[in-house]
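Welcome! Take a look at the sequence and the model, then read on.

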Amino acid sequence: MKRLITLFGVLSILFSLQFVGGGFEAMAAGTEAGDTFMDHASKGLEMFWNFTGFANAHYTNLIMIAIGLFFIYLAIKYDYEPLLLIPIGTGVILGNIPFLAGYKIGLYEEGSVLNYLYFGVQQGVYPPLIFLGIGAMTDFSSLISNPKLMILGAAAQVGIFATFLGASALGFTPQEAGAIGIIGGADGPTAIFLSSKLAPTLMGAIAIAAYSYMALVPVIQPPIMRLIIPKHERTIKMKPPRAVSKTEKIMFPIIGLLLTTFISPSSLPLLGMLFFGNLLKESGVTERLADTARNSMINIVTILLGITVGASTQADYFLTTDSLKIFGLGAVSFMVATAGGLIFARLMNLFLKGDNKINPLIGAAGVSAVPDSARVVQHEGLKSDPNNHLLMHAMAPNVSGVIGSAVAAGILLSFLM
Amino acid sequence: MTLLIVDSMTWTITVLGWFIVFLALVFLIGVFLTVPKILNWSLKRSLRKKNKDNVKEDESDDAWTITGETNAAIAMAIHLYFNEMHDEESNVITIKEVRKRYSPWSSKVYSFNNVNFPR
């Protein structure tokens with residue numbers, strides 16, 4: 001084995017010596033003189049070289065690959081939404097490997113494998129399937145037991161509309177502004193769904209911004225919570241939610257589906273699937289289907305969605321000033337949405353009496369980002385009072401935020417399509 | 001007409017959009033505040049029909065609701081009951097004497113080859 005490697009090494013050194021000092025020019029001249037084995041070999045090597053990523057690399061590709069690696073680092077080191085950031089990070093690397101165009105390799109080349117997978121994103125197939133899984137794994141009992149908390153989910157949607165205004169002011173078209181605004185909903189699938197319909201060219205940047213900020217919820221939200229809610233209000237203990245009967249749990253998805261889709265039919269694919277998934281779970285007779293929806297199916301779709309959304313960030317499409325603006329607007333929208341929920345929760349407390357008062361921290365969970373923002377609320381609540389568990393209460397505005405952002409997406413779609 | 005760089009249509013979409021989201025969720029709140037009352041009312045009615053003597057007419061709503069804490073306590077009790085059941089035991093604790101017993105597996109006899117030396 002050692003001998004074979006030595007032999008191969010010597011041969012390759014001898015072979016590469018001829019290229020030193022204007023190798024390729026000499027090779028081209030030699031071709032005119034007459035074709036030899038060495039000429040063919042060097043020609044083949046040149047062709048191979050032109051096919052490699054090294055020959056086609058541009059510094060922008062390297063920047064994007066570094067971003068992909070950073071996502072993977074964040075997911076592994078800090079556990080920030082690893083189920084999303086690892087597929088997206090890998091997708092970013094995949095999408096930015098330089099290649100020679102025209103051979104059905106890239107995501108944007110018709111007929112390539114990645115292009116076929118990307119179809120699900122372009123046509124908005126994946127987001128409703130994700131919503132089906134979310135519906136099958138979400139327990140709406142906390143929301144049903146205290147429906148007034150649903151209003152916090154609506155209040156936090158101010159982020160969407162404030163960003164819509166901001167994006168319009170920055171010169172984006174109304175359609176693009178609508179697609180950018182949905183980042184404030186803190187809901188990845190909804191953001192992808194809406195941007196694929198309204199502004200497909202910005203979809204990569206919007207999806208990456210939405211998922212990045214969702215992963216950064218534990219970093220973005222706590223300072224705003226501490227800024228807006230005074231310490232004595234953070235310690236408010238809420239009365240435990242009442243027990244919810246099975247009939248109520250079954251009626252919730254049916255009534256929710258009918259009401260929300262009648263108000264905003266454009267959000268039918270998202271809300272229809274969300275409530276359908278929940279009905280599978282709560283009906284109690286379709287456990288097998290619910291189990292598939294909340295495990296295998298959502299996992300498969302998450303993989304496909306993550307990898308294709310990541311791969312859609314090819315440097316030449318992604319590294320633009322528009323993307324920078326989108327990232328800036330996304331950060332602002334998250335902050336506005338959080339602040340909106342918190343301020344509205346404090347406002348609500350002015351009208352509530354006795355043990356009906358709510359802990360205003362749960363307003364921050366009105367941005368969807370299920371269940372991360374609810375977890376952040378629980379964490380912040382425990383910091384103020386180690387015996388105050390807010391997780392169950394925060395889940396109510398959290399899931400109503402999902403419904404609210406889907407309704408908002410439907411409204412924007414009907415206004416701007 | 002433009003207001004703060006943004007045209008009036010954008011403002012309309014912003015205000016109207018948010019208002020509709022609010023309206024949709026307020027509507028849902030209304031429905032879900034009403035549904036439990038209807039269910040409670042129908043439950044009470046059917047119980048009264050079934051067992052008129054056992055149900056008092058003046059019972060308040062609180063009598064029909066069980067709080068989450070009560071449920072949690074019941075569930076915990078049931079869990080403990082089912083997971084901590086033991087068989088009938090003698091309650092006599094004894095310490096077994098440790099004895100070294102002979103075991104042939106490590107017997108020295110088997111570790112020698114039975115080969116005769118040439119004489």
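A residue is called buried if 20 or more other C-beta atoms lie within 10 Å of its own, exposed if 12 or fewer do, and partly exposed in between, with C-beta atoms placed from the backbone. By that rule, 50% of the 417 residues in chain A are buried. Please keep in mind that this is a predicted model: local features need pLDDT of at least 70, side-chain atom pairs count only at pLDDT 80 or more, and totals for chains, interfaces and linings use all residues. Residues are numbered from 1 along each chain as its sequence is written, while chains are lettered from A and ligands numbered from 1 in the order in which they are written.

**Chain A as a whole**

- Chain A has 23 helices and zero strands; helices (H or I, at least four residues) and strands (E, at least two) are DSSP runs, numbered from the N terminus.
- Along the principal axes, the C-alpha atoms of chain A fill a box of roughly 95 × 50 × 45 Å.
- Two residues are in contact if their C-beta atoms, placed from the backbone, lie within 7 Å.
- Of the contacts in chain A with a separation of 6 or more, 74% are between residues 24 or more positions apart.

- Helix H6 (82-95) of chain A is largely enclosed by the rest of the structure, because 10 of its 14 residues are buried.
- The buried residues of H6(A) include Leu84(A), Leu85(A), Pro87(A) and Ile88(A).
- Among the elements that cover the buried residues of H6(A) are helix H5 (59-78), H14 and helix H19 (287-311) of chain A.
- The end C-alpha atoms of H6(A) are 19 Å apart, which agrees with the 20 Å that its 14 residues should span at 1.5 Å a residue; the expected span is 1.5 Å times one less than the number of residues.
- Helix H3 (residues 37-51) of chain A has 15 residues and reaches 21 Å from its first C-alpha to its last, close to the expected 21 Å.
- H3(A) is hardly covered, with one buried residue among its 15.

**A helix pair in chain A**

- Helix H14 (residues 203-215) and helix H21 (residues 321-351) of chain A pack at an angle of about 35°, with their axes 9 Å apart.
- Here, axes are lines fitted to C-alpha atoms, for helices over the stretch in contact, and angles run from 0 to 180 degrees between N-to-C directions.
- On the H14(A) side, the residues that meet H21(A) include Ala205(A), Ile206(A) and Tyr213(A), and on the H21(A) side they include Ile326(A), Phe327(A) and Phe334(A).
- The residues of this contact of H14(A) with H21(A) divide into nine nonpolar, two polar and one charged.
- In this scheme, Ala, Val, Leu, Ile, Met, Phe, Trp, Tyr, Cys and Pro count as nonpolar, Asp, Glu, Lys and Arg as charged, and the others, Gly among them, as polar.

**Two loop residues with positive phi**

- Lys104(A) has a phi near 55°, a positive value in a residue other than glycine.
- Lys104(A) sits in the loop between helix H6 (82-95) and helix H7 (113-122) of chain A, and this residue is exposed because it has 12 other C-beta atoms within 10 Å.
- Ala186(A), also not a glycine, has a positive phi near 55°.
- Ala186(A) is in the loop between helix H12 (174-181) and helix H13 (188-198) of chain A, and it counts as buried because it has 35 C-beta neighbours inside 10 Å.

- Chain B has two helices and two strands, arranged along the sequence in the pattern β-β-α-α.
- Of the 119 residues of chain B, 9% count as buried.
- Which chain gives 28 residues to the contact, and which gives 36? Chain B gives 28 and chain A gives 36.
- H1(B) gives the most to the side of chain B that touches chain A, with 20 residues.
- That side of chain B has 20 nonpolar, seven polar and one charged residues.
- Ser42(B) lies in helix H1 of chain B and is exposed because it has 11 C-beta neighbours inside 10 Å.
- From C-alpha to C-alpha, Ser42(B) and Val21(B) are 32 Å apart in space and 21 residues apart in sequence.

**Confidence**

- The model scores ipTM 0.76 and pTM 0.77.
- Chain B averages a pLDDT of 76, and 76% of its residues score at least 70; pLDDT is the predictor's confidence in each residue, from 0 to 100.
- Among the elements of chain B, H1(B) has the highest mean pLDDT (87) and strand E1 (residues 2-3) the lowest (58).
- Where pLDDT is low, the predicted coordinates should not be read in detail.
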